[in-house]
Amino acid sequence: MRVYLDWTSMVEALLVSPVDPIAVDPIVLQAVVVDYLSWLAEKLSGAASVVGDNFLFLLIGVVAGMIIGTIPGMGGTVVLTILLPFTLALQQYEAFVLLSGAVGATTFSGSLTAILINTPGSSSNAATLIDGYPMTQKGQSETAITVSAISSATGAVLAASVFILAIPLMIEVVLLFGPSEIFWIVMFAIVIIPFVVADRPLFGILTGGLGALVAFVGVSPQTGEPRFTFGILTLNDGIELIAMLIGFFAIAEIVRIASLGRNTIVDFDTVELAGSKMEGLRIVLRNKWLWLRCSLIGLLIGAIPGAGGSAAGFVAYAHAIQSSPDKETFGKGNPLGILAPESANDAKDGGQLFPTLGLGIPGSGTMAVFLGAMLMHGVFPGPTVLTDNTELVLIIALSILCSNILTSVIGLAVANKATYVLQVPVPLLLTGITVLSLTSVLIVRNAAVDMLVTVVFAVLGIILVYLEINRIPFLIAFVLAGILERQYHLAVQFAGGDSMGAFFGAPLDKLLIGIFVVSLVLLIIPRQKLLQRFVG
């Protein structure tokens with residue numbers, strides 16, 4: 001039995017030999033924990049100061065996220081896509097406080113429309129409307145919104161706090177990752193995520209492959225040779241991320257909404273709030289253990305790349321039904337049917353920070369755009385973010401935490417006004433969003449070719465929308481392909497040109513390959529069995 005005297009050696013030993021028994025000197029362990037907490041407190045103090053100094057940007061992000069997030073289909077991905085270009089003129093910390101504020105605001109704002117008018121702002125809020133709208137019909141809308149606001153804010157606080165407390169441990173772990181290990185992690189994300197997020201994995205793989213191909217447009221960083229530029233000099237710098245995002249998501253969603261042929265986004269009568277805020281608070285307090293379990297469900301599901309908020313919401317909702325003695329009341333206005341999915345939905349934002357900031361793997365489409373924002377602001381996504389930009393990571397986590405609290409407070413105060421944006425005539429609303437979107441494209445580098453790129457990807461996005469093909473695999477592959485290429489060349493360079501030794505030599509490489517293969521097999525085999533059942 002070996003005795004470990006510091007945190008780093010304990011972590012390394014566990015990863016290299018998990019079965020090796022560990023004995024820790026209690027006095028030394030106490031000193032390690034004190035150092036751990038002192039370091040974290042110092043970093044947190046600096047991060048909190050930055051967030052406080054940039055509160056105006058946090059508020060702008062929250063308000064923008066709430067306004068746009070109430071429009072069905074305009075979820076976090078579109079919100080960040082529209083806001084991203086306007087952050088280029090900001091300092092790094094200002095930009096990420098604003099974007100993190102928008103991330104925290106979109107989920108809860110979607111629950112307001114789910115409860116009040118039976119229309120979720122995004123798929124993450126789909127489970128909320130099952131009991132949320134029946135409560136409105138019974139005259140308990142204010143109670144329902146209060147339950148949603150409190151469970152959302154506290155779920156987000158719990159998840160973000162867990163992430164913050166885990167940062168020192170994560171830093172020690174990611175120090176074990178080199179270029180080859182990062183290569184396999186990114187490859188895992190590009191290949192596996194289409195199976196998770198897409199209803200039809202084959203189309204997910206194809207769109208992911210297309211996204212990776214588009215990412216390679218431009219001059220090769222290794223040879224200096226242009227790739228797929230068709231003689232257009234501006235494309236030597238590659239496809240502009242914002243131009244692609246605006247066309248692929250924002251414009252495509254605008255066309256989808258316009259094609260519905262409605263005068264307003266949703267037809268509904270004016271909503272009058274009724275019920276009691278205090279009753280909503282009492283419901284959450286009486287069911288604190290259900291809140292805790294559902295928040296942890298959201299945290300865990302959020303940490304799974306590609307799982308998304310809708311999965312977290314429905315799993316938590318199912319758990320609430322299973323653990324309730326009054327199962328027959330669900331779907332008829334049971335407030336626990338709001339508490340469960342909303343606590344999980346917002347906790348998943350904290351869970352998504354683990355793969356996104358810890359490994360550089362986006363947990364969702366929103367986080368993929370967030371990674372793109374990191375690249376545009378000079379922060380290279382991946383495990384090194386935790387070591388090289390620890391304060392930025394804490395600023396992002398604290399901003400998401402604060403934005404969820406701020407969103408819930410604002411939501412409670414102006415809930416009856418939250419649906420006004422849906423009453424704006426569609427032509428006027430979509431014209432405003434279109435002008436804002438196209439202006440954001442020109443802001444980046446004022447290049448006419450970017451407008452052409454926007455149009456091309458808008459057409460592609462519209463086609464995928466009407467074919468009901470998920471666009472997230474394309475986005476994730478587009479963002480990660482450049483990282484994959486860079487890590488590949490770095491690994492080969494460090495191995496002296498030996499490709500086999502670079503990617504198959506280290507024990508951690510082999511472990512990651514094993515996880516990759518097992519995950520792929522587990523995803524493919526059930527589908528093959530299902531196909532055989534129907535065919536043969």
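1. The structure under review is a predicted model.

2. Cys-294 stands in the other class: with a relative accessible area of 0%, this residue is buried. As to covalent links between cysteines, a search of the whole structure returns zero disulfides.

3. Confidence should be read by region. The chain has a mean pLDDT of 78, and 84% of its residues reach 70 or more. For residues 1-7, however, pLDDT stays under 50, and the model gives this stretch 26 contacts beyond four places in sequence. Residues 14-22 also have a pLDDT below 50, with 12 contacts in the model beyond near neighbours in sequence.

4. Two packed helices are described by the angle between their axes and the distance between the axes. Helix α4 spans residues 76-83 and helix α10 spans residues 241-258; their axes come within 10 Å and cross at roughly 120 degrees. Because of this angle, α4 is oblique to α10, given that 65 to 115 degrees would count as roughly perpendicular and over 145 as roughly antiparallel.

5. The crossing of α4 past α10 is left-handed. On the α4 side, the contact is made by Thr-77, Val-78, Thr-81 and Ile-82. The α10 side contributes Leu-245, Ile-246, Phe-249, Ala-250 and Glu-253.

Note on methods: Residues numbered from 1 in each chain as written. Predicted model: local features only at pLDDT ≥ 70, side-chain atom pairs only at ≥ 80, totals over all residues. Heavy atoms only, no water. pLDDT = per-residue confidence, 0-100. Contact = heavy atoms within 4.5 Å. Disulfide = S-S within 2.5 Å. Buried < 20%, exposed > 50% of the residue type's maximum accessible area, 1.4 Å probe, protein only. Axes fitted to C-alpha atoms, helices over the stretch in contact; angles between N-to-C directions. Helix = DSSP H or I, 4+ residues; strand = E, 2+ residues; numbered from the N terminus. Parallel < 35°, antiparallel > 145°, perpendicular 65-115°, else oblique. Left-handed = near helix turned anticlockwise from the far one by under 90°.
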